[in-house]
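The sequence and structure come first.

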Amino acid sequence: MEKRIIRIVLTGGPAAGKTTLISRIIKEFRQEDGWRVITIPETATELISGFGIKPFGNCMSMLRFQDFVIADQIHKEKLALEAADTVPEQNILVLYDRALLDDKAYISDEEFAETLYKFDGRTEESVIAGYDAVLHLVTCAKGAEFAYNLGNEARTESIEYAREMDDRTLRAWSGHPKLKIIDNSINFEDKINRAIREIYRIAGQPEPMAKKRKYLISMPDMKALAERYRTVSIDMVQTYLCMTNPSIERRVRRQRYGSEYLYFYTEKHFRPDGTKWDTERPISEKDYNQYLLEADPELQSVNKTKHRFVYDSRSFEIDIYPFDDENAIMFRYSEDDEAVIPPEIRIIREVTGDPNYKNKQLARAQKLLH
């Protein structure tokens with residue numbers, strides 16, 4: 001079977017949601033399903049934070065800085081494609097957190113063309129051909145201004161600058177034939193969901209089911225389910241952290257994918273009008289262990305094993321907890337409201353939206369209400 005390597009650029013202005021989207025993609029396209037996600041981190045940020053190379057002050061001009069950025073970006077993209085050829089999975093998503101044409105937003109068109117040509121005679125047309133699709137996530141400074149600095153006190157760009165760079169970045173990528181724009185028309189969760197649906201379409205996969213229902217069920221025979229529906233199991237540990245901001249709930253999660261462990265840091269943001277949304281990013285094992293030092297002493301970690309399977313073209317998940325051997329939680333994902341349930345499952349009651357069955361309450365109670 002020939003490998004499928006799908007190359008997708010994620011771009012946009014500051015505070016657009018790229019990091020949260022990458023985290024979500026990693027969870028959606030799993031190794032158990034034959035996928036490998038390779039991510040190329042944002043080059044300019046690495047050069048500034050890691051090497052101290054800055055395109056301002058007395059360090060260097062923006063034009064000189066782009067020489068460094070383009071050279072490093074080309075090198076990383078080459079390594080990523082070599083890795084895609086090496087890994088055992090047959091379906092590979094290569095995600096670019098910004099890519100070569102993003103540099104065009106910071107210098108003139110002529111300067112960009114001249115700088116790009118220095119590297120083996122590259123042209124804008126040849127660069128565009130190296131990416132299968134581009135998702136432009138619009139900065140929240142356009143339409144979701146309230147969230148621009150929320151949860152990131154280190155952000156120094158003004159809202160006006162963020163809007164300008166969003167426009168310049170979109171113009172830089174406007175020549176790509178598969179450019180998709182993901183705006184802030186509804187809310188952040190919807191924005192990420194729309195982006196995920198685009199990723200599925202680009203990958204030629206069925207789009208994820210939109211509606212989520214939650215049920216308290218009697219403990220099923222998981223061995224029988226595994227044999228009949230070929231369930232995929234993921235061990236997870238979720239730990240809540242002390243709140244440093246009353247409107248932001250923080251947590252970290254460790255989960256096992258095949259033989260590997262992945263780690264995530266999540267923030268749930270609450271607004272005075274009652275709306276809320278999550279932002280999430282992958283972290284290293286070292287960062288995960290460091291965050292554990294900030295664990296909320298009033299809450300225990302939530303350990304569970306998530307079992308995923310498909311029945312009647314609908315996706316299901318069953319969460320099993322070590323503190324309850326009689327009951328479990330089941331999630332059903334479907335576009336319709338028809339209650340199609342596997343015959344092996346005995347539902348006790350639906351608990352969609354019930355706060356007693358949310359992870360934070362389970363961290364506090366360590367039991368399922370029967």
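Leu135 touches Ile8, Val9, Leu10, Thr11, Leu21, Lys180, Ala195, Glu198, Ile199 and Ile202, leaving out residues up to four places away in sequence. Contact here means heavy atoms within 4.5 Å. The model is predicted, so local features need pLDDT of at least 70 and side-chain atom pairs count only at pLDDT 80 or more, whereas totals for chains, interfaces and linings use all residues. Residues are numbered from 1 along each chain as its sequence is written, and side-chain values use heavy atoms, with hydrogens and water left out.

The largest nonpolar core has 31 residues, and Leu135 is one of the six that touch the most other members, along with Ile8, Leu21, Ile25, Phe29 and Leu93. β1, α1, β2 (35-40), β3, β4 (133-137) and α7 each supply at least two residues of this core, and α7 gives the most, with 7 residues. Apart from it lies another core, of 23 residues, including Ile107, Phe112, Phe119 and Trp173. A nonpolar core is a set of buried Ala, Val, Leu, Ile, Met, Phe, Trp, Tyr and Cys residues joined through side-chain atoms within 4.5 Å. Buried means under 20% relative accessible area, exposed over 50%, and partly exposed in between (1.4 Å probe, protein chains only). Helices (H or I, at least four residues) and strands (E, at least two) are DSSP runs, numbered from the N terminus. In soluble globular proteins, nonpolar side chains tend to be buried together.

α1 is mostly covered, with 8 of its 11 residues buried. The buried residues are Lys18, Thr20, Leu21, Ile22, Ser23, Ile25, Ile26 and Glu28.

α1 packs on helix α7 (residues 188-203) at an angle of about 50°, with the axes 10 Å apart. Axes are lines fitted to C-alpha atoms, for helices over the stretch in contact, and angles run from 0 to 180 degrees between N-to-C directions. α1 and α7 are therefore oblique to each other; angles under 35 degrees count as roughly parallel, over 145 as roughly antiparallel, 65 to 115 as roughly perpendicular and the rest as oblique. Thr20, Leu21, Arg24, Ile25 and Glu28 in α1 meet Phe188, Ile192, Asn193, Ala195, Ile196, Ile199 and Tyr200 in α7. By class, this contact of α1 with α7 has 8 nonpolar, 2 polar and 2 charged residues. Ala, Val, Leu, Ile, Met, Phe, Trp, Tyr, Cys and Pro count as nonpolar, Asp, Glu, Lys and Arg as charged, and the others, Gly among them, as polar.

## Helix α3 and its partners

The axes of helix α3 (residues 62-86) and α4 come within 10 Å and cross at roughly 40°. That makes α3 oblique to α4. Leu63, Gln66, Asp67 and Ile70 of α3 make the contact with Glu111, Phe112, Thr115 and Leu116 of α4. Its residues divide into 4 nonpolar, 2 polar and 2 charged.

Helix α2 (residues 43-51) packs on α3 at an angle of about 115°, and their axes are 9 Å apart. Thr43, Ala44, Glu46, Leu47 and Ile48 in α2 meet Phe65, Phe68, Val69, Asp72, Gln73 and Lys76 in α3. The contact of α2 with α3 has 6 nonpolar, 2 polar and 3 charged residues.

## Buried charged residues

Glu198 is in helix α7 and is buried, with a relative accessible area of 15%. Leaving aside neighbours within four places in sequence, Glu198 is in contact with Leu135, Lys180 and Ile182.

Lys268 lies in strand β9 (residues 260-270). Lys268 is also buried, with a relative accessible area of 18%.

## Positive phi in two loops

Ala15 is not a glycine, yet has a positive phi of about 55°. Ala15 lies in the loop between β1 (4-12) and α1 (18-28).

Arg98 likewise has a positive phi, of about 70°, although it is not a glycine. Its place is in the loop between β3 (91-97) and α4 (109-117). Arg98 is buried, with a relative accessible area of 10%.
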